[in-house]
Amino acid sequence: QKEVEQDPGPLSVPEGAIVSLNCTYSNSAFQYFMWYRQYSRKGPELLMYTYSSGNKEDGRFTAQVDKSSKYISLFIRDSQPSDSATYLCAMGAAGTASKLTFGTGTRLQVTL
Amino acid sequence: DTGVSQNPRHKITKRGQNVTFRCDPISEHNRLYWYRQTLGQGPEFLTYFQNEAQLEKSRLLSDRFSAERPKGSFSTLEIQRTEQGDSAMYLCASSLALSTANEKLFFGSGTQLSVL
């Protein structure tokens, strides 16, 4: 079993929809959690960074972390065609620098 | 452009040849990381440097792989005697590590390696 599980999709939604992306993890040592967006043939781009359970909002993006359930989510409101990309969750343990463990990524397609 | 820069963007080589990739991190960042990403998978950690010191290497990094970061600036990743299984996107990332809790990793666009 992988340490981080993420549904690979693809996930197709109409423009304006609310998108929910999720990851589960098994390693209790993970303390900080990130979401990256990756366009085709590009490197991952940091979207959200959280260090504790709860919600964090940034514009149209909301990240949720539930450490008790080992479950994290990213919500995208008012989705746009430019949001079409692969979304990767990533997590790391305290004291391990940024040796991150990534999910496989979920491919999102936002259609007009 | 003040982001992480990687060269070349693409590299095609024949099995058995040596290849070298270069990464220029964000200028004030003290940590530099190498990750590898294969199709349909997330990036996997390979190694990282704090300034010029290589602090950790993943078990994924076989003896054929070597990385350097002379003077704590740019870094190179060399693969000797390439194998078809080395075909992947090699990603470089950098961070400003003031404390672990606040470290955010910024990636370059990667070097896509194809071994024929």
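The model is a prediction, in which local features need pLDDT of at least 70 and side-chain atom pairs count only at pLDDT 80 or more, whereas totals for chains, interfaces and linings use all residues. Residues are numbered from 1 along each chain as its sequence is written, chains are lettered from A and ligands numbered from 1 in the order in which they are written, and side-chain values use heavy atoms, with hydrogens and water left out.

In chain A, 5 strands form an open antiparallel sheet in the order S1-S3-S8-S7-S6. Strands are DSSP runs of E of at least two residues, numbered from the N terminus, and two strands pair if DSSP finds at least two bridges between them. The edges of this sheet are strand S1 (4–6) and strand S6 (54–58) of chain A, each of which pairs on one side only. Neighbouring strands are turned by 15 degrees against each other on average, direction ignored; the axes are lines fitted to C-alpha atoms, and angles run from 0 to 180 degrees between N-to-C directions. Within the sheet, S7(A) and S8(A) pair in the antiparallel sense over 6 bridges, and A:Val65 stands opposite A:Ile72 in S8(A).

The largest nonpolar core comprises 23 residues, of which A:Trp35, A:Ile72, A:Leu74, A:Ile76, A:Tyr87 and A:Met91 touch the most other members. A nonpolar core is a set of buried Ala, Val, Leu, Ile, Met, Phe, Trp, Tyr and Cys residues joined through side-chain atoms within 4.5 Å; buried means under 20% relative accessible area, with a 1.4 Å probe and protein chains only, exposed over 50%, and partly exposed in between. Elements giving two or more residues to this core include strand S3 (19–25), strand S8 (71–76) and strand S9 (85–93) of chain A. With residues up to four places away in sequence not counted, A:Ile76 touches A:Ala17, A:Ile18, A:Val19, A:Leu21, A:Arg60, A:Phe61, A:Asp83, A:Tyr87 and A:Leu108, contact being defined by heavy atoms within 4.5 Å. A second, separate core of 19 residues includes B:Trp34, B:Ala67, B:Cys92 and B:Leu113.

A:Thr50 lies in strand S5 of chain A and counts as buried at 6% relative accessibility. Beyond its neighbours within four places in sequence, A:Thr50 is in contact with A:Gln31, A:Tyr32, A:Phe33, A:Lys56, A:Ala63 and A:Val65.

In chain B, 4 strands form an open antiparallel sheet in the order S1-S3-S8-S7. Strand S1 (5–7) and strand S7 (65–68) of chain B stand at the edges with a single partner strand each, so one side of each is left without a neighbour in the sheet. The twist averages 15 degrees from one strand to the next. S7(B) is joined by 4 bridges to the antiparallel strand S8 (residues 75–79) of chain B, where B:Ala67 stands opposite B:Leu77.

Over all chains, the structure holds 2 disulfides, each assigned as a pair of cysteine sulfur atoms within 2.5 Å. One joins A:Cys23 to A:Cys89, with an S to S distance of 2.0 Å; at -100 degrees about the S-S bond, this link is left-handed. A:Cys23 in strand S3 and A:Cys89 in strand S9 of chain A are 66 residues apart. A:Cys23 counts as buried at 1% relative accessibility, and A:Cys89 is buried at 0%. The other disulfide joins B:Cys23 to B:Cys92 (S to S 1.9 Å). Its torsion about the S-S bond is about -70 degrees, so the disulfide of B:Cys23 and B:Cys92 is left-handed. Both B:Cys23 and B:Cys92 are buried.
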